[in-house]
4 protein chains.
Amino acid sequence: MRFGSDNWAGAHPAVAVNLSKHASDYSTPYGSSSLDHAIQHRLSEIFEHSLSIFYVSTGTAANALALTSVAKPGGIAFAHREAHIIADECGAPEYFSNQLRLKLIDGADGKMDVGTLREEVANVAAMGVHGGRPNAISVTQPTESGTVYSLEELDAIAAVAREYDIPFLMDGARFANALVHLGCSPAEMTWKRGIDILCFGATKNGCFCAETVIFFDKSKAEDFAFTHKRAGQLFSKSSFVSAQLEAYLKDGLWIDLACHANDMASDLADVFRSAGATRLVREPQNNEVFVVVKDDVVKVLEEAGVSFFAGWPPARELVLGEGEQLCRFVTSFATTGEDVRGVGELVE
Amino acid sequence: MRFGSDNWAGAHPAVAVNLSKHASDYSTPYGSSSLDHAIQHRLSEIFEHSLSIFYVSTGTAANALALTSVAKPGGIAFAHREAHIIADECGAPEYFSNQLRLKLIDGADGKMDVGTLREEVANVAAMGVHGGRPNAISVTQPTESGTVYSLEELDAIAAVAREYDIPFLMDGARFANALVHLGCSPAEMTWKRGIDILCFGATKNGCFCAETVIFFDKSKAEDFAFTHKRAGQLFSKSSFVSAQLEAYLKDGLWIDLACHANDMASDLADVFRSAGATRLVREPQNNEVFVVVKDDVVKVLEEAGVSFFAGWPPARELVLGEGEQLCRFVTSFATTGEDVRGVGELVE
Amino acid sequence: MRFGSDNWAGAHPAVAVNLSKHASDYSTPYGSSSLDHAIQHRLSEIFEHSLSIFYVSTGTAANALALTSVAKPGGIAFAHREAHIIADECGAPEYFSNQLRLKLIDGADGKMDVGTLREEVANVAAMGVHGGRPNAISVTQPTESGTVYSLEELDAIAAVAREYDIPFLMDGARFANALVHLGCSPAEMTWKRGIDILCFGATKNGCFCAETVIFFDKSKAEDFAFTHKRAGQLFSKSSFVSAQLEAYLKDGLWIDLACHANDMASDLADVFRSAGATRLVREPQNNEVFVVVKDDVVKVLEEAGVSFFAGWPPARELVLGEGEQLCRFVTSFATTGEDVRGVGELVE
Amino acid sequence: MRFGSDNWAGAHPAVAVNLSKHASDYSTPYGSSSLDHAIQHRLSEIFEHSLSIFYVSTGTAANALALTSVAKPGGIAFAHREAHIIADECGAPEYFSNQLRLKLIDGADGKMDVGTLREEVANVAAMGVHGGRPNAISVTQPTESGTVYSLEELDAIAAVAREYDIPFLMDGARFANALVHLGCSPAEMTWKRGIDILCFGATKNGCFCAETVIFFDKSKAEDFAFTHKRAGQLFSKSSFVSAQLEAYLKDGLWIDLACHANDMASDLADVFRSAGATRLVREPQNNEVFVVVKDDVVKVLEEAGVSFFAGWPPARELVLGEGEQLCRFVTSFATTGEDVRGVGELVE
């Protein structure tokens, strides 16, 4: 009953096997091997667009460096109040960019309210050198609340970005989970919506360590190569990432794994919906289930060895009753029906 | 005939197998798993000292963050003119620390001349706020020239560090190769010499990606945890590094691999010494062979598909004749006797 | 009728005369002249405490460098939502410190609510490396809303700083105006309240350019000297600041000027209180008058050539009616009774 | 006998008087006053070019921010080994830019050897992301050795900058002294030579504090305004600089002051040339005299209360004999013939 997070799982067997298979390769380093080039080519097929890719060590590095690539003096980046770049990266975007500050945008369900966003961007644009200037908009897809921006919602945000001529970035740490929820193509969820740079996460969905910064405008890559190197992110044996991604992207494995994780989340939501002592916050849209649980049931689950996150900070719009906690359960490629049923037996 | 660099090889089979074995683990992330703790324990045994460890993505990240952990405003770090932190990291130490500048120290054979070092440190110490202040000394062991500081040479440098009360760091990207050359213990080459922080490289010697910053003073670790996180270096699935290191450190594999690589370098040096068209710069002390090669022989080697580095920038004390190039050949755990013999046949 | 800001005025005649008088001095540079030392001595008398002083070019530089002097990796500084360091310094604290992020604290009348502050500091302290750590608390005295923290309010904030062992800083761009409002001594408003570092502004109150960072703990000064220099703030002809301060601090001129400015504000408030078309937001506590003015009266004032700030962003707790604007009027050492009466005639 | 430095003098009477005269002005702040605009206009007349100006607090700030305005990730700026930005600014260029590293170029007489420069720029350009990329060339005019680049020498350096498409900057802390030595126009010494950004110093030549960053390409100014503000350099009462410059630039005062200082240096050189115990390093080209002095004569001068700099670090090409010191004497607008004669009597 393992729902701590999707980064508690190891790697999918196909990924591990392929990495082992390539262990005896002898290839040029620093992203220059034929396997590295093959992955760039494969991703451009998948995204139906020419692109440049850079591997980085973590999602934090991906977001921070993507933002750094567009940052200007006095620049302000806009993101939802709960966004990973604001709440969970220890200031990495500010550190790496040495330029950006982050402006928190409110909005229900973990999504920026587009009206609020437009107003705040306009406020900053009016402030001149004292206040700074609008520099970027970043969406997390899916959000930290386990919701997914619809294509229309992305369009509305993109319109603000275009109006103020600022880059539009996507933190896709759980990219695949959002994609299969929307049932659209990678292109439709990204550059067709106006996304300029995508942080494409594969670690949570079945790899060991495979985060990629994707530029849809290849002309940005020349400059970014220096940022990437001096940020300590130019892996010498870059093939170790490529080998993971080769397996991950082959025959749609990454889509299958995300479907599985989302399905498991849906099943777990069913369990919580039908149980008396739990109150589902919302229908899961990715592989995260947010549920309000009574204190004594939390205790039962913990004592049974279920790994999950109790005492999750509730969003502003959620009101907890006395003796209730918000809990987060995360499924992954490795979650089993048995895991789900195990929780079901405990909460019934 | 693969002598391009030790980062052109993949990973040793034992490392790859162990990583696969742990792929199905379910463990807490961010360096908190039992396997992560086991590696910290294992390294403290090997180094005969309590220590704190942090995994990072690259040697560049290791060096830059180690330096960052000690950096002060106006600080100047001293390193050999050819040191990786100066010549090959695109300014990462300056970028991450936002404090340090690097002062180039000359010296033969890739080693800082300790007299020059002492003089330059004294100069900076005398300059006050306009010039900055001494902040760190960093040695590369083995050096970029393939030489190894003796224990006495390290002691002499450590004395300067102590005199000016500044930290003493070691870039050990090829740590094992230096260790087996000296035939001493890890403790003798590090904290017993006054080293405060070690960048312990395992990637070049048989891992996919396993660089570790080691603090011999555990009290520094609390603060460094924030630097490490906000530098985008806190791996979520940290076990993927630990699993590599478990195999790497088991039963002295890491020592065996370095011995093999050094032996291959020694054999290759024999080849060059006995050949007419090549002039060995010096007896190899690690797994790198520097040799002066006539242009036409370089051409022969390249046409035969030998991977190596021609046109290596010569140190100040080396004089090249007309039609000669300095070349670097690097052996690794994966180098075979056949590789060496192949080169031998070409240069004879 | 000049109420644009207190930085629209030039310098008080006594300050200008003294600067001219010292123009023919020949003295050692970089803060080392006898006049520089005399000012340090004079300030230590005024503050009844040993201290170290550093001149900087602007209030922004003062705040940013004071914060930089205490900043740690992952550090978060807490300040009121409207604080100058958040709203008006284009990210200077983040830029100079390369460490800090700023956390906005709400509270009425421009003052941090101490309950909210305590809660937010506790939240950050609980987040570990992902969220960062509490690093500093900064108060603006007087606040951006023209209010003044009472000594008891400062004590309550200091208690939070002490509890979490983080530095307590004061942005005193209008220090004198707050001081004369409270009628206490400089010591009572600063180090006796637990203030560690004070940004002591004199520019707005009668100097040309005289901002000073004051450390009550002299041991911090040695390190700060490097930060100060490399921030481009070590004036060569530092006597040009000392000469201004010599006149400013002599015979209580600075207190007299602040009293005058505050009195003028009080008189202006009387004007607005008795007028029909204006609604005083609160009794002024320093030299700033915030008043709600009907649009047509704003127009009358502007057409008469009164300099003031219309359309000031209202605090959350202030509700503006239809056709109303929040306006700010700032008095200074140079404001005359005639200026005040002139406005009176226009708004009656 | 005051030869410590030109920043030991106060301000010229005309500058001080004009500042006093403007003390009672009431004007808009932050560089927006009519006086501020008048200075921008006056400078554009003097330089015969449209330009944008930004006042900063120190020469260090000027250089660091000028470099920051052009800096790119991995960028390397080239300057002479003795340049102020390398030896005397405590790392300010690296700090503010968070991008640049400085590469030391050798050359006699304090001037970069253009052959060496070209070679080093080419080396860096060939190194790719590991080594960084050429980003700027900075000349100090006059140099730290008191020499002046001829127009032809500036052209030769500009050719390298153009070839590698990198900005060409001039540190003109003593701009006027070089100008009157060459006897050319400001335009001829700057943009006609390819200079993109000039740090125009007036502090040393008669002002209290008046350093200006001048962009000959006005399109750069919009972006730089944010850098300038967040660097704490946007003076509120900017007129205090403009008032100094108004007097400084009026009726060629600045040229007269520089001529006087240079003449005094020439006279002092005559004194040293004819004395037995001193050896003139070279004919002065600006207001600095470098002279080799016997230890006992140094003692005589010091005991007589002459302020000058003994023990100046000699350039590589200068060989000092036993019991000799290199000394620097700096003249200024305030130096008198009596000062010079006083030294003459002591060294005869």
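What distance separates the centres of domain 1 of chain A and domain 2 of chain A, taken over C-alpha atoms, and which residues and contacts lie between these domains?

Modeller: Please keep in mind that this is a predicted model. Chain A is divided into domain 1, residues 13-251, and domain 2, residues 254-347, and the centres of these domains, taken over C-alpha atoms, are 27 Å apart. Where the domains meet, 29 residues of domain 1 of chain A are in contact with 20 residues of domain 2 of chain A, and together the two domains bury about 2000 Å², with 52% of that area on carbon and sulfur atoms. Of the area that domain 1 of chain A buries against domain 2 of chain A, 24% is supplied by A:Arg174, A:Asn177 and A:Val180, which is more than any other three residues give.

A:Arg174 also takes part in a salt bridge, in which its side chain meets that of A:Glu288 at 3.3 Å, N to O, and the count of salt bridges between domain 1 of chain A and domain 2 of chain A is two. Across this interface there are also nine residue pairs in polar contact. On the side of domain 1 of chain A that touches domain 2 of chain A, the elements giving two or more residues are helix H9 (175-182) and helix H12 (239-249) of chain A, and H9(A) provides the largest share, six residues. Sorted by class, that side of domain 1 of chain A has 12 nonpolar, nine polar and eight charged residues.

Key
Residues are numbered from 1 along each chain as its sequence is written. Chains are lettered from A and ligands numbered from 1 in the order in which they are written. This is a predicted model: local features need pLDDT of at least 70, side-chain atom pairs count only at pLDDT 80 or more; totals for chains, interfaces and linings use all residues. Side-chain values use heavy atoms; hydrogens and water are left out. Domain bounds come from an automatic or database domain assignment. Contact means heavy atoms within 4.5 Å. Buried area is the accessible area (1.4 Å probe) that two parts lose on being put together, summed over both. A salt bridge is a side-chain nitrogen of Lys or Arg within 4 Å of a carboxyl oxygen of Asp or Glu. A polar contact is a pair of N or O atoms within 3.5 Å; within protein, one must be able to donate a hydrogen and the other to accept it, and residues adjacent in sequence count only if both atoms are side-chain atoms. Helices (H or I, at least four residues) and strands (E, at least two) are DSSP runs, numbered from the N terminus. Ala, Val, Leu, Ile, Met, Phe, Trp, Tyr, Cys and Pro count as nonpolar, Asp, Glu, Lys and Arg as charged, and the others, Gly among them, as polar.
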